[in-house]
Every structure is written in C-alpha cells, then in structure tokens.
Amino acid sequence: MSEILHSFPLTVNAVNSDKISETSFQYDSLTSISSYKMSLTDPRTGFTAEERLELLDFLCVKPLSDEEFREDVLRSHNWIKENDISDASSFYTAVLSSAMLKQSIFYVKGITFDMFQSFGCDLFTPQNVVSGIAKCSFTPCRAILQQTIPPLKAELNDDMVVEISYKNEKNEEPLIQCLFRHLRNSIAHDYTYVKGDDVLFIDFAPKMTQITALIFVKKKVLTQWISLLKCGKTKTGYVLELRDSKDIYLRSVYNHPFLITHPVNILIKTNDIVVKKKKIDGKNISWEERTDIVFYKDSSIDVSGLTANNPQNSEILIGSVDFSQASSGQYKIIVPLKMSSLDSKEKIDDQLSLYIEV
C-alpha cells in the first residue's frame, strides 16, 4: 500500500507547484540573527530557573522524539486512548494548535534554499548561519522540517497526473517525532535564537552539510506545551479534579493555552457519566463499565455564566464518589460536557476523564 504525498499535472512547470514554494508569509524586515543566538539555559531568555529546567527535561531528557519515552511520558499524564495506548495524535494536534502552527508547519523529504526564502530566511549557504551573516524574520510562527521517510517513487496515472508516493511499511517517521527530534537537536547543538517573545530553532545535518529544520515559535508556547502535557486532554482548558478523596470538581486551569476565559454556559447530563475499571488480560488492555464505585449525582447540572478567571465562579462540584465497595485497581470516571459561549456562537463538546487508583 502506498501513501500519496503530493500529485501535480504533468506540465513543464510542474516543479513550481511544490507546496512550500507556493506558500508566502507576511513578515517584518529581515534581521541578522547572529546577536540573538542564546542557549535556552541562559537567564537572558526570560525563562525562570524552574522553567529552564522543565524545558530541558521536556525537550531533551525524556523527549517526545524518542518512541519509548513518548509512550511512557504521554501515558503517565493520561494522554491515552481507550485501549491504554498513548494518544500521540491528540497531543500533537494540541501542540500545533497551541503554537499557532496548525496551518504553517510543513514536513518535506529535503529542504532547498528556495524554501528558506519563502519562510523569510536569507540563507544562501549553511556557513552563513555559523558566521553570523544569515538573516531571517522571527515572525510569524511557522516551521519547515525534514522528515525521515522511505525512498520516494513517481508514477503517471491514467489521468496524466504524476503521483509521488512511498511504500507505506509503517517505517516513516511520525510527525510528532520529527518535530521534537529537530527541537532536541537544535537545543543540544546550541542553535537556538531568542528575540523578544520569539524563538528560532535551527537544526543541521551531520557535519553541517545542510539545514534540516527551521522552527519559529513564541516563547510562551514552550511552557504551554508542558502545561498541555501535565493537564491531559481538554478542548476547553477545564479539567476534572478529585478533592477530599470523594468530591469531583470541574475546574479551570489558570493560563492553560485552551482555556476559554469569557463567560460560558456548561451543561453536564450526569446520567451520561460512566465509571470504568481497567482490565488487563495478558497484553490486552480494556476498560469495563463498573458499578462498584457509587457516584452520587443530580440528573443534570446546568450552569450559566461560569468565568474561568473569577476565583468565586470558576469551578463546579459535579458529585461525589464512594470507594467503599471498590476492588483494587485503576478506575476512570468519564464526564461528557457541553460548553457554549455567552459572547459568541461558539460551542464545544468535550469528554473529560478522571483517573483514580484504588
């Protein structure tokens, strides 16, 4: 089975229809980057000492670019699917959305200098970066990454269209792995640049023969990624929390990148709340609905005007649980919720999970 990467009509100018070279960005005046080279461990970056340690741990010590670490890190923070497999795709989507990269991130087999030009970079030779001659714009947020994939092949289909594809043998590099691999490499090799609120990461091929990645993001994005990881999956910035070993609250996460800060209505049909217990059968993991945890609740909870940044009105008591009849193991309480804005027509359906070890 082959996966189509790109297709174009067979014309003389076919090469010009490349996705990257067609992309244009609005950016400020080109600025020499030599004076902005700065390690992320440098206090001048503006990160606190605690933030610098967290960033190094997150991006370098147990990086998401390593498959083994990625599985362990995502699972430990409950970024998991129903079968207990780590949910890398959901976290990757959240990462792009938080960084404003959703429409401005590109993965390619090889990077040309024409692509650098369209990204607001004046990089005529890789040596220019080393000698400080290179120029680039730090805004807007964008990234171009060289991805490790199997050899490409080109075929002409019946409609006289060239299809570029590769044999899908599950050995192409995952997108999340590619992104965090280049971030790790640029930090490890000290090719990070900080200008005000912006950060530029540059990664090189071995012996600096070629630039393999350019990543432009906001500084706050890096700490937001850590917050995303720690808080688990949420579309709204609200999460579930167990208090006093019995009470379950829906609460807002201060400074969460997805937090809806304007007043909202929240509807929770508590009859739809489900309690499940993890079942392990050899290598197979599943979740079974159980009744040995008693969940006390009203038929529904309808709150109007919840405000995330108001300490007096930023959380809801959903109900309480009784563990007295529960057997040992891991349980999760699944709470579907509907949220709508009072200031707009925005509506979000979410499903939050609270994991409890008994």
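**View 1. G329 occupies the loop between β19 (315-322) and β20 (330-341).** This is a predicted model, in which local features need pLDDT of at least 70 and side-chain atom pairs count only at pLDDT 80 or more, while totals for chains, interfaces and linings use all residues. Residues are numbered from 1 along each chain as its sequence is written, and side-chain values use heavy atoms, with hydrogens and water left out. Strands (E, at least two residues) and helices (H or I, at least four) are DSSP runs numbered from the N terminus. Leaving aside neighbours within four places in sequence, G329 is in contact (heavy atoms within 4.5 Å) with K277, I356, E357 and V358. Between the C-alpha atoms of G329 and E357 the separation is 5.9 Å, although these residues are 28 apart along the chain.

**View 2. Five strands form an open sheet in the order β3-β6-β11-β10-β9, with mixed pairing.** Two strands pair if DSSP finds at least two bridges between them. Because β3 (105-108) and β9 (192-195) stand at the edges with a single partner strand each, one side of each is left without a neighbour in the sheet. On average, and with direction ignored, neighbouring strands of this sheet are turned by 15° against each other. The pairing of β3 with β6 (residues 142-146) is parallel and extends over 4 bridges; F106 has I144 of β6 as its bridge partner. Helix α7 (residues 175-188) lies across β3, β6, β9, β10 (198-204) and β11 (211-218), at about 95° to β10. For such angles, axes are lines fitted to C-alpha atoms, for helices over the stretch in contact, and values run from 0 to 180 degrees between N-to-C directions.

**View 3. F201 is placed in strand β10.** With 1% relative accessibility, F201 counts as buried; buried means under 20% relative accessible area, exposed over 50%, and partly exposed in between (1.4 Å probe, protein chains only). Not counting residues up to four places away in sequence, F201 touches several residues, including L40, L183, I187, A213 and L222.

View 4. Of its 32 lining residues, G232, K233, T234, Q351 and L352 are the closest to the centre. A pocket is an open set of points on a 1 Å grid over the protein atoms alone, where a 1.4 Å probe fits, with protein on both sides within 12 Å along at least five of seven lines; lining residues have an atom within 4 Å of a point. At least two lining residues come from each of α4 (88-98), α8 (219-231), β12 (238-243), β20 and β21 (347-357), and β21 gives the most, with 6 residues.

**View 5. S227 is found in helix α8.** S227 counts as buried at 18% relative accessibility. Beyond residues up to four places away in sequence, S227 touches H256 and P257.

**View 6. Backbone geometry is shown at P140, M100 and M160.** Most residues other than glycine have a negative phi, and most peptide bonds are trans. The peptide bond from T139 to P140 is cis, with omega near 0°, and P140 lies in the loop between β5 (135-136) and β6. M100, in the loop between α4 and β3, has a positive phi of about 60°. M160 has a positive phi near 60° and belongs to the loop between β7 (153-156) and β8 (161-167). At 49% relative accessibility, M160 counts as partly exposed.
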